[in-house]
Amino acid sequence: MLSVHCYVSAPSLYSLLRRTPSSPRIISATFPQPLSSSSAASKRRNLLVSIATTSFSTLILSSPSKSASITDFHDLPNSGGVKALDIRAGTGPTPVDGDQVAIHYYGRLAAKQGWRFDSTYDHKDSTGEPIPFIFTLGSGKVISGIEWAVRSMKVGGTRRVIIPPSKGYQNTSQEPIPPDFFDKQRLFTTIFNPTRLSNGEGSTLGTLIFDIELISIRH
């Protein structure tokens, strides 16, 4: 018997917002030996899809209160499947297309068990203050899932969004792009992996989870 142990991190909301990952838990799968190459590949593919689904479900259920669940997420109208959970309601104005908006975010990749590939809180200026990500709403330079999330937010608000692959990265030039070369390489080689895409994993590879705080807008 061959036993495969896969380490899956299930971070809480606190660990997401404070950048302190929780301890990994172990999911074990056991299957018989020997296996033909095609059978082994099929079982490995099924195992990876199962693990990604399990981890993703655990991650998105992390929420501000113990009673929150996946049903607390709501579909953003006309967004093409972007789901949102408001963590903190804002009290300021709501941006419109053409506004310059500043946000802080934590970005995670569901296919990597919630791996945090980037955070604006890690981007510091000369005084050690975190540098927000600034973009023009509606410019098309940013992945559309983030634009849809920000459009209905108010300044001061924080929102968690689940972005499907169709509203996530469509190419390697869309922002936000991790400044670290190795993080950027790992992100894009996972999302655009041709072998895994041909194996039918496209529906999970590019799913993103962002925690977004709307800092300011400028008309």
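This is a predicted model: local features need pLDDT of at least 70, side-chain atom pairs count only at pLDDT 80 or more; totals for chains, interfaces and linings use all residues.
Residues are numbered from 1 along each chain as its sequence is written, and side-chain values use heavy atoms, with hydrogens and water left out.

Now switch to cartoon. You'll find 6 helices and 9 strands (DSSP runs numbered from the N terminus: helices are H or I with at least four residues, strands are E with at least two). Of the 219 residues, 38% count as buried (buried is under 20% relative accessible area, exposed over 50%, partly exposed in between, with a 1.4 Å probe and protein chains only).

Next stop, the inside. Select I103, F135, I146, V150, L208, F210 and I212: within the largest nonpolar core, which has 32 residues, these touch the most other members (such a core is a set of buried Ala, Val, Leu, Ile, Met, Phe, Trp, Tyr and Cys residues joined through side-chain atoms within 4.5 Å). Colour the elements that each supply at least two core residues, among them β5 (100–109), α3 (144–151) and α4 (181–191). Strand β9 gives the largest share, 5 residues.

Zoom in on F210. Leaving aside residues up to four places away in sequence, F210 touches a list of residues including Y105, F117, I146, V161 and P176 (a contact means heavy atoms within 4.5 Å).

Time for charges. How many salt bridges does a search of the whole structure find? The count is 8 (each is a side-chain nitrogen of Lys or Arg within 4 Å of a carboxyl oxygen of Asp or Glu). Pick E213 and R88, whose closest N and O atoms are 3.1 Å apart. E213 sits in strand β9 (residues 208–218) and R88 in strand β4 (residues 83–88), so this pair ties together parts 125 residues apart in sequence. R88 is partly exposed, at 42% relative accessible area.

Then try R116 and D122, another salt bridge at 3.1 Å, N to O. R116 is partly exposed at 24%, and D122 is partly exposed at 37%.

Last, select R196 and E201: their closest N and O atoms are 2.9 Å apart in a salt bridge, and both residues are buried.
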